[in-house]
Amino acid sequence: METSDKKRILIVEDEAQISRFLQLELEYENYSASVCADGREALGLALENDFDLIILDVMLPSLNGIEVLRRLRQSKQTPVIILTARDQVVDKVTGLDIGADDYMTKPFAIEELLARIRLHTKRAAAPASALSCGKLSVNSEARVATYDGHTIDLTKKEFDLLEYLMKNRNIVVGREKLLDAVWGFDFYGSTNVVDVYIRYLRSKIDDVYGVELIETVRGAGYVIR
Ligand code: CA
């Protein structure tokens, strides 16, 4: 068993050349890196161990990466970066929807992957706190949001967005800043994704409880008051 305080990363990739390269790079950066080439096996490892982050290829034998992620998210919130092929836009969107923290398109620059790993392992290790605003409450440690005691069913990204707005409550946060904070500093999509997720949050909170918690500040961004 690993006894040092190195961060533990699981590399799930069936192309031996890529996984070996990633393992060497990560070990050089002082991470403890385990490798797995099979989807079903990877799911078992991810459920049994508490990795700090998982790099998950989509095309895998026995169980594809999307399915591994879907099943993992039923019980664990380990940060996951999915690896997709350049033409697999659907995988990227599906992956983010079901709770991937980030994605990389192959072939990728190792420096960029390392930067994203630093970002996501840092966020996961941030101290937990309970935030509240009126009847809305967000528990970062349990990753549960409630309104008047009722649990709000949120995806990973929806939760991250709500949590960030709650941490900055009464402060207007711009779309770019939300994009950086929730999707990663070099996410290549448009800021429209923020508007889409704000709509999801409103449909699950404002619309359900008849409140207007998430306010749009024209030309500036969003705020929870
Ligand atoms: Ca593969």
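**Helix α1**

Helices (H or I, at least four residues) and strands (E, at least two) are DSSP runs, numbered from the N terminus.

This is a predicted model, so local features need pLDDT of at least 70 and side-chain atom pairs count only at pLDDT 80 or more, while totals for chains, interfaces and linings use all residues. Numbering runs from 1 along each chain as its sequence is written, and side-chain values use heavy atoms, with hydrogens and water left out.

Which residues of α1 are buried? I get S19, L22, Q23 and L26. They cover an arc of only 100° around the axis, which puts them on the same side of α1; the arc is taken from the directions from the helix axis to the C-beta atoms. Buried means under 20% relative accessible area, exposed over 50%, and partly exposed in between (1.4 Å probe, protein chains only). On the face turned away from the buried side I noted the exposed residues Q17 and Y28. Just after α1, N30 has a positive phi of about 75°.

**Calcium site**

Next I looked up what holds the calcium ion: D14 (OD), D57 (OD) and M59 (O) coordinate it at 2.1 to 2.3 Å. Donors are N, O and S atoms within 2.8 Å of the metal (3.2 Å for Na, K and Ca); water is not among the atoms, so the site may look incomplete. The donor spacing in sequence reads D-x42-D-x1-M. D14 sits in the loop between β1 (8-12) and α1, D57 in strand β3 (residues 53-57), and the two are 43 residues apart. D14 is partly exposed at 33% relative accessible area, whereas D57 is buried at 3%.

**Nonpolar cores**

The largest one has 28 residues, and L136, L161, L162 and L165 touch the most other members. Among the elements that each supply at least two residues are β6 (130-133), α6 (156-167) and α8 (192-204).

What does L161 touch, leaving aside neighbours within four places in sequence? I find L178, V182, W183, V194, Y197, I198 and L201 in contact with L161, contact being heavy atoms within 4.5 Å. A second, separate core of 22 residues includes L10, L56, I66 and I98.

**Salt bridges**

My search of the whole structure gave 16 salt bridges, each a side-chain nitrogen of Lys or Arg within 4 Å of a carboxyl oxygen of Asp or Glu.

D102 and R116 pair at 2.8 Å, N to O. D102 is in strand β5 (residues 102-106) and R116 in helix α5 (residues 110-125), so the pair ties together parts 14 residues apart in sequence. D102 is buried at 2% relative accessibility, and R116 is buried at 3%.

R143 and D160 come next, with their closest N and O atoms 2.7 Å apart. R143 is in the loop between β7 and β8, and D160 is in helix α6. Buried or partly exposed, for R143? R143 is partly exposed at 24%, while D160 is buried at 5%. Both also belong to a network of salt bridges linking R73, D101, R143, K156 and D160.

Key: Core = buried A, V, L, I, M, F, W, Y, C linked by side-chain atoms within 4.5 Å.
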